[in-house]
Amino acid sequence: MSLDKKNSINNILEESRIFPPSKKFAENSNIRSQKEFLSLKKQALNNPTKFWESFAKSEIDWFEPFQTVLDSDNAPFFKWFKEGKINITYNCLDRHIKKGLGAKTALIWEGEPGDSKKYTYEELLKEVCKAANALKSIGVKKGDLVCIYMPMIPEAMFAMLACARIGAPHSVVFGGFSSEALKDRLIDGNARFVITADGGFRKDKVIELKQAVDAAIESGADKVVEKVVVVQRTKKNISMVDDRDLWWHELLKDQKDQCEPEVMNSEDRLFILYTSGSTGKPKGVVHTIGGYNLWSHLTFKWIFDLKDDDIYWCTADVGWITGHSYIVYGPLSNGATTLMYEGVPRPSNLGAFWEIVQKYKVSIFYTAPTAIRAFMKSGREIPDKYNLESLRLLGTVGEPINPEAWIWYKDVIGKNKCPIVDTWWQTETGGVMISPLPGVVATKPGSATFPLPGIEVEIVDKNGDKVEENDGGYLIIKKPWPGMMRTIHGNSERYLESYWEYISFKGEKNVYFAGDGARIDEDGYIWIMGRVDDVISVSGHRLGTMEIESALVSHKSVAESAVVGKKDDLKGEVIVAFVSLEKDVNGSSELVEDLKKHVVHEIGIIAKPEKIIISDSLPKTRSGKIMRRILRSLAAGEEISGDISTLEDSSVLEKLKELS
Ligand code: WTA
């Protein structure tokens, strides 16, 4: 890992435009004055304990109060609100109904083939309770991990909340992951139960989820999985295994629609979510109930400036952290109306998103830069056909947004009246960390602006020294926050190594290293420059180069592989793989296709390499380390700069140049 690795890091983006919130938006926003914003920041800085305590008490309901706000005894294994008794579903559902909001729409769901449903808070609670009772009836107990591998259908939300209702942590696996990836996650988490569907609709295709579950179980997960619950979505024929597989609708049919929320400890696990790092297999990020509830709630409230009648839509998938925090828990804990869409825009229906905005009068819209760039490419004529007047606030997440896409979003989608919140955060942070508050902060296209109140960020070099204004460096977080991850499931060592020990920070311990590079400009605005480790982001999906390399090497013809990211106008980055083959194997275009398929089989479609370059050997140092810097330049079609004297065999370079 090094800062000069991605030479973009010091390549300072020139962007001096600045956009204050409109008077109208600012006047009506929940936090509307600089004074209020600065006062929140000051309170957090002067007395963090009091700051977090007051929000934890005013925003979250506890069955029994906490005494300790933050326990740092075993830092960085921090504990928040540790004596508190809580159930997040009480905060997401029951308490709103008690306040008379039972008839308010909680969930609007739009299916890919055009079917749709709405659930009020009262109806949602009933569905969750039925599902919770159903899970109990098949033996799910408090503390059991339940894997959810589903399309974007209401039952995915019911399943997550049903688990939380009975105190069973969930592990949601994105439906685009392959059976192999699913198997690894099932085994790592020791998931005895799986909730899935007979399939899901995606881009005019059916994704065969149940078949993938069957394959995962047959290829090794049988040692952990006992029961599989299957939601009927596509009605395609699937095989059901006796004594193991159960239909969701049959199981739920006679269940009571009431189920008391299990009284949980604040620090009990709410979920595990796997994400990619620079080394090894994906890691199971652990989040616990109390702190996560507060952080997803508070960030949602601050950033999206929620009003009673807002219709809020986040286009992420519940298989990612954005779906967890900003489709399910954050919006529901605030009593918002959250919209969920099964599909993604596809060539046969590029207007799908805007049709939904128009149909439901969506007022807050949260999506990824990669989607915005795709819309931009297909032209403004498409969104211009729809009435987007209802929109009042736009958000982005997942990767740096280029200023052109930002301006297009503001102009074409937001009609120049909607502020844009560019929100920086990670699976590990549980909720947004850096973002403008839309009624207060003047935005600059491409900058995530400032940390939220309570979050202390700095940009440092490898030694932990603060870098100069506008210089690139490592992004660190200096104080714990309630929504932070608690550990990596089954691997606390890796938790320490990956996040807390990488930067030797001068004078202070327990500094969190995010894995991103950033700079702070002369006005204090933060500009995220992307990952500085071996993680690449393809359409905002996080993938470790090592995972893809392991997948390639597991193919019988591959001896060695090195994977790098290449900049892409649409997807942010695409995957380029360099491979050398086993003796006696010849490279061919068929083999390249086969290798691509193999990666899809091992990880999933999101990891499919854009390009595979077969070469006799890879550029290595004399000590045998692959020189990725060289491969990155080759993939980008750039001149190879920097020191190549450590290269063992320089003739490799010439050969690779010809091939790339
Ligand atoms: C990147 C997604 C620039 C970053 C919520 C981070 C961003 C990684 C932004 C986490 C943003 C996320 N600007 N980069 N607004 N938001 N990232 O865990 O590199 O899937 O480390 O969480 O996405 O990805 P993850």
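Reader: Is Thr487 buried or exposed?

Author: Thr487 is buried, because its relative accessible area is 13%, where buried means under 20% relative accessible area, exposed over 50% and partly exposed in between, with a 1.4 Å probe and protein chains only. Please note that this is a predicted model, in which local features need pLDDT of at least 70 and side-chain atom pairs count only at pLDDT 80 or more, while totals for chains, interfaces and linings use all residues. Residues are numbered from 1 along each chain as its sequence is written, and side-chain values use heavy atoms, with hydrogens and water left out.

Reader: Which element holds Thr487, and which residues is Thr487 in contact with, leaving aside neighbours within four places in sequence?

Author: Thr487 belongs to strand β23, residues 487-488. Helices (H or I, at least four residues) and strands (E, at least two) are DSSP runs, numbered from the N terminus. Beyond its neighbours within four places in sequence, Thr487 is in contact with Phe77, Arg269, Gly284, Val285, Val286, Ser492 and Tyr495; contact means heavy atoms within 4.5 Å.

Reader: Let us step back. How many helices and strands does the chain have?

Author: The chain has 20 helices and 30 strands. Its C-alpha atoms fill a box of roughly 75 × 65 × 60 Å along the principal axes.

Reader: What share of the residues is buried, and what share of the contacts links residues 24 or more positions apart?

Author: Of the 660 residues, 61% count as buried. Among contacts with a separation of 6 or more, 72% come from residues 24 or more positions apart.

Reader: Which residues touch the most other members of the largest nonpolar core?

Author: They are Trp52, Leu124, Leu186, Trp302, Phe304 and Tyr329, in a core of 173 residues. Helix α6 (residues 154-166) gives the most to this core, with 10 residues. A nonpolar core here is a set of buried Ala, Val, Leu, Ile, Met, Phe, Trp, Tyr and Cys residues joined through side-chain atoms within 4.5 Å. A second, separate core has 30 residues, including Trp313, Ala352, Phe353 and Phe375.

Reader: What is Trp302 in contact with, neighbours within four places aside?

Author: Trp302 is in contact with Ile31, Leu40, Phe51, Phe55, Trp295, Leu437, Pro438, Leu452 and Pro453.

Reader: Now α15. How many of its residues are buried?

Author: Eight of the 11 residues of helix α15 (residues 403-413) are buried, and the helix is mostly covered. Trp406, Trp408 and Tyr409 are among them. The buried residues of α15 pack against α12 (352-360), β18 (364-367), α13 (369-378), α14 (381-384), β19 (393-397) and β20 (420-423).

Reader: What happens just after α15?

Author: Lys415 takes a positive phi of about 50 degrees there. Asn416 has a phi near 60 degrees, also a positive value in a residue other than glycine. Lys415 lies in the loop between α15 and β20, and Asn416 lies in the loop between α15 and β20 as well. Lys415 is partly exposed, with a relative accessible area of 30%, and Asn416 is partly exposed at 48%.

Reader: Why remark on such phi values?

Author: Most residues other than glycine have a negative phi, and most peptide bonds are trans.

Reader: Where is there a cis peptide bond, then?

Author: The bond from Ala75 to Pro76 is cis, with omega near 5 degrees. Pro76 lies in the loop between β1 (70-71) and β2 (79-80).
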